[in-house]
Amino acid sequence: MKKILIVDDSSTIRKLIRYILKKQEYRITEAKDGMDAMEKLASLEADLIIVDLNMPNMDGIQFVKNLRSNYYYMDTPVIMLTTTKDAELKRDALLAGVNLFLNKPVQPNFLIYKVEGLLKGE
Amino acid sequence: MDEKMSQNEEMKEIIEEFIVESNELIEKAVEDVVRIERNPDDELINGIFRAVHTIKGTSSFLGFNMLSNLSHKAEDVLGRIRKKDMEPDADIADTLLEALDFMKLMIDDIRVKGTESRDVSHTLRKLEFLNKADTRKKIGEILIDEGVISNREREELLEKQKQDGKKLGEIAIEEKLITEKQLSNVLAKQQAHKEEQTIRIDVRKLDELMNLVGELVLGKNRLILLDSLARKGSNNNAMLDTLSDVTNYVEAVTNDLQLAVMRARLVPIGKLFNKIPRLVRDLSGEFKKQIDLKIEGESTELDRSLIEALHDPLIHIIRNSVDHGIEAPAEREKKGKSQKGVLSIKACNEGNQIIVEIFDDGKGINIQTVKDKVKEKGLLSEGELNGMSTREAMGLIFIPGLSTAKKVSNVSGRGVGMDVVKTNIEKMNGQVYIESEEDKWTRLTLKLPLTLAIMRALIVRVNQELFAVPLNTVTELVKLYDGLIKSVDKNEALVLRDMVIPIVDLSKIVDSSESRIDEGYIVVCNIGEKIIGIKAHSVVGQEEVVMKPLGEFLGNINGVGGATIRGDGKVILILDLPAVIEHYGSLRRGFNPTRTFSQISPN
């Protein structure tokens with residue numbers, strides 16, 4: 001079973017994504033910010049990470065930078081969910097190593113499709 | 001079909017999560033907005049930004065587009081503050097608070113109706129206006145564009161602005177040209193709304209647990225009794241040992257469980273105190289008072305239901321302090337006080353009780369005015385008033401229907417006086433004290449129990465009946481002897497040190513056939529400003545009692561707060577002392593209440 005980590009400071013968003021991906025039978029773990037996610041990843045070998053941009057303690061970009069500096073997670077697909085229209089932030093995030101940007105609110109089927117694709121290595 | 005239902009169920013759960021989360025975020029953001037005005041701290045601003053940002057994201061996900069749009073606009077303003085494009089001043093804070101108020105209302109709408117419907121075009125325009133660069137200087141023009149003020153009114157405003165150098169918006173509010181009414185309307189509605197449940201545990205479950213614990217406490221009492229009975233009668237030592245073991249075990253478990261459940265229900269009073277800065281900010285604007293607010297002891301914990309019940313009385317007391325207590329800056333200066341009045345609110349633990357103290361250094365209470373008012377209303381005679389100590393006279397302020405403020409203002413005069421505050425606090429088994437020095441200060445002290453359901457009581461016997469007297473009210477026991485009780489105006493009284501304490505003889509009410517109490521004890525009880533003595537044939541001891549309501553049929557009996565079941569399974573009544581005092585007072589004046597103890601003797 002594939003393992004997915006959802007990193008978002010909003011418990012509603014975490015629940016929603018869990019709900020959207022329910023049928024796919026992934027093992028889903030939640031983290032409430034970048035710091036929490038780093039701790040969870042120490043024991044969890046995630047196959048895909050869905051991360052928010054703006055979070056307390058450690059934001060999405062910093063989290064992805066930290067993530068990519070870890071040998072094990074160098075290629076793990078990362079989807080960033082965000083509402084930002086700030087092109088500069090998006091560029092920073094992509095440079096940090098985000099694989100895909102999705103705007104909130106995301107279409108549930110589109111998210112499922114993209115998650116499946118990234119997990120298959122597409 | 002099933003799947004669809006479970007899907008709906010899950011969606012409902014997500015929306016519930018959304019409501020709880022958003023309300024928490026908004027509540028925190030409101031507190032922080034009030035703070036940034038004085039202290040534009042980056043971390044605070046980031047926090048507010050994130051809160052609004054999160055709500056924008058989640059609401060758009062869930063299709064609450066109006067809410068999403070409003071939070072989007074508010075987020076833009078916060079973004080500008082964050083980038084230091086603008087300084088958060090009172091105007092900006094007002095607009096943000098207005099937006100947050102509407103967001104909260106929308107979430108309430110979602111909770112009640114499943115969708116949000118509010119006309120927020122006005123707030124949206126204000127936010128958009130803040131988002132335009134450097135437009136704020138021309139606030140007058142915008143007001144004209146919106147048709148809120150006329151050209152001539154703007155000229156006048158600008159003229160005034162030159163004179164006192166305040167912001168145009170402030171002057172416009174002072175001149176009653178814009179939005180204050182809207183703001184107070186929104187606030188009133190917000191007040192009327194019941195608060196979201198904020199412990200992240202289902203409260204019904206907790207209540208159930210609390211009831212269970214109540215039953216368990218009764219079971220423990222039964223076991224303890226059984227144990228003592230068996231000890232007296234049985235020779236079987238093994239059985240006795242087992243029984244003792246069980247008793248000890250049940251007792252320990254019960255105690256632990258009781259504590260744990262109580263703790264789970266305890267909420268820091270900060271939940272309530274956090275709302276005060278906003279309230280005081282709004283009130284001081286409304287009454288043109290300058291107030292230095294001090295809050296201490298936010299982490300003091302008490303039962304959740306008490307926090308809720310404390311909400312209205314506390315807000316009323318604060319309104320009173322701001323409206324009638326603290327003087328206007330000019331008046332204060334004349335008295336040689338600093339222009340800023342001090343309003344201090346403190347909470348602390350004192351044994352099994354919580355003390356909440358509300359202090360202001362305002363004009364205090366003029367006892368003569370209070371007495372005059374009481375006389376004028378014919379509530380007490382001149383003789384009665386003259387015989388009163390200062391302390392007792394202060395207590396007059398709690399008499400129903402008494403308002404010493406010359407003019408009823410729209411804030412304090414909402415039909416609730418200090419009498420309602422007192423009634424509400426006493427309903428929680430608490431007490432209110434007032435102290436004051438005229439022209440200097442007023443201090444209200446509220447004493448509340450940690451929890452309502454379980455309390456320590458003194459069990460006393462009157463004739464053959466047992467009664468439970470809440471232990472937090474009992475101050476001392478006096479052994480009866482001949483000549484101790486004096487007769488004052490045909491009423492019995494006890495002279496204890498320098499106090500004259502009126503005596504309540506329950507035996508007269510319980511059952512008239514029995515003889516009078518000539519020996520036994522006087523239980524001296526202190527409730528608020530009043531002291532009474534209750535005659536008892538004997539004192540059985542202290543016990544933990546679980547308060548059970550008497551139910552619809554027997555409810556509202558004067559002087560009885562509820563009942564409890566003792567170890568032997570017998571029901572005994574718990575005295576409601578404030579009501580006993582009231583009842584006793586009316587008996588003294590020759591008034592015969594229709595329902596008394598005699599009709600409800602619990603046999």
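**Exercise 1. The salt bridge between the chains**

Solution. 
Step 1. The model is a predicted one.
Step 2. Between chain B and chain A the count is 3 salt bridges, alongside 7 residue pairs in polar contact, both residues being at pLDDT 80 or more.
Step 3. On the side of chain B that touches chain A, the elements giving two or more residues are helix 1 (2-38), helix 2 (42-61) and helix 3 (65-82) of chain B.
Step 4. Sorted by class, that side of chain B holds 6 nonpolar, 7 polar and 9 charged residues.

**Exercise 2. The extent of the interface**

Task: State how many residues of each chain are in contact, and which three residues supply 35% of the area that chain B buries against chain A.

Solution. 
Step 1. The contact involves 22 residues of chain B and 19 residues of chain A.
Step 2. The size of an interface is often expressed as the accessible area lost when the parts come together.
Step 3. For chain B and chain A the buried area is about 1,900 Å², with 58% of it from carbon and sulfur atoms.
Step 4. Of the area that chain B buries against chain A, 35% comes from Ile14(B), Arg50(B) and Phe61(B), more than from any other three residues.

**Exercise 3. Nonpolar cores**

Task: Find which residues touch the most other members of the largest nonpolar core, and which helix gives the most to this core.

Solution. 
Step 1. The largest nonpolar core has 64 residues, and those touching the most other members are Ile4(A), Leu21(A), Ile50(A), Val115(A), Leu67(B), Leu70(B) and Leu96(B).
Step 2. Helix 4 (residues 90-113) of chain B gives the most to this core, namely 12 residues.
Step 3. Take Val115(A) and set aside its neighbours within four places in sequence: its contacts are then Ile4(A), Leu21(A), Tyr26(A), Leu48(A), Ile50(A) and Ile79(A).
Step 4. A separate second core has 47 residues, including Leu343(B), Ile354(B), Val374(B) and Leu448(B).

**Exercise 4. Salt bridges in chain B**

Solution. 
Step 1. The whole structure has 35 salt bridges over all chains. In one of them, Asp32(B) and Lys28(B) have their closest N and O atoms 2.9 Å apart.
Step 2. Asp32(B) and Lys28(B) are separated by about one helical turn, because they are 4 residues apart in helix 1 of chain B.
Step 3. Lys335(B) is partly exposed at 33%, whereas Glu327(B) is buried at 1%.
Step 4. Arg443(B) is in strand 7 (residues 441-449) and Glu357(B) in strand 5 (residues 353-360) of chain B, so the pair ties together parts 86 residues apart in sequence. Arg443(B) is partly exposed, with a relative accessible area of 23%.
Step 5. One network, joined by salt bridges that share partners, contains Glu327(B), Glu331(B), Arg332(B), Lys335(B), Lys337(B), Asp361(B) and Asp439(B).

**Exercise 5. Positive phi**

Task: Locate Glu25(A) and Asn463(B), and classify each as buried or exposed.

Solution. 
Step 1. Most residues other than glycine have a negative phi.
Step 2. Glu25(A), not a glycine, has a positive phi near 55 degrees. Glu25(A) lies in the loop between helix 1 (11-20) and strand 2 (27-31) of chain A, and is exposed with a relative accessible area of 59%.
Step 3. Asn463(B), also not a glycine, has a positive phi of about 50 degrees. The loop that holds Asn463(B) runs between strand 8 (454-462) and strand 9 (465-470) of chain B. At 3% relative accessibility, Asn463(B) is buried.

Methods. Residues numbered from 1 in each chain as written. Chains lettered and ligands numbered in written order. Predicted model: local features only at pLDDT ≥ 70, side-chain atom pairs only at ≥ 80, totals over all residues. Heavy atoms only, no water. Contact = heavy atoms within 4.5 Å. Buried area = accessible area lost by both parts, 1.4 Å probe. Salt bridge = Lys/Arg side-chain N within 4 Å of Asp/Glu carboxyl O. Polar contact = N/O pair within 3.5 Å; in protein donor to acceptor, adjacent residues only side chain to side chain. Nonpolar A, V, L, I, M, F, W, Y, C, P; charged D, E, K, R; others polar. Core = buried A, V, L, I, M, F, W, Y, C linked by side-chain atoms within 4.5 Å. Buried < 20%, exposed > 50% of the residue type's maximum accessible area, 1.4 Å probe, protein only.
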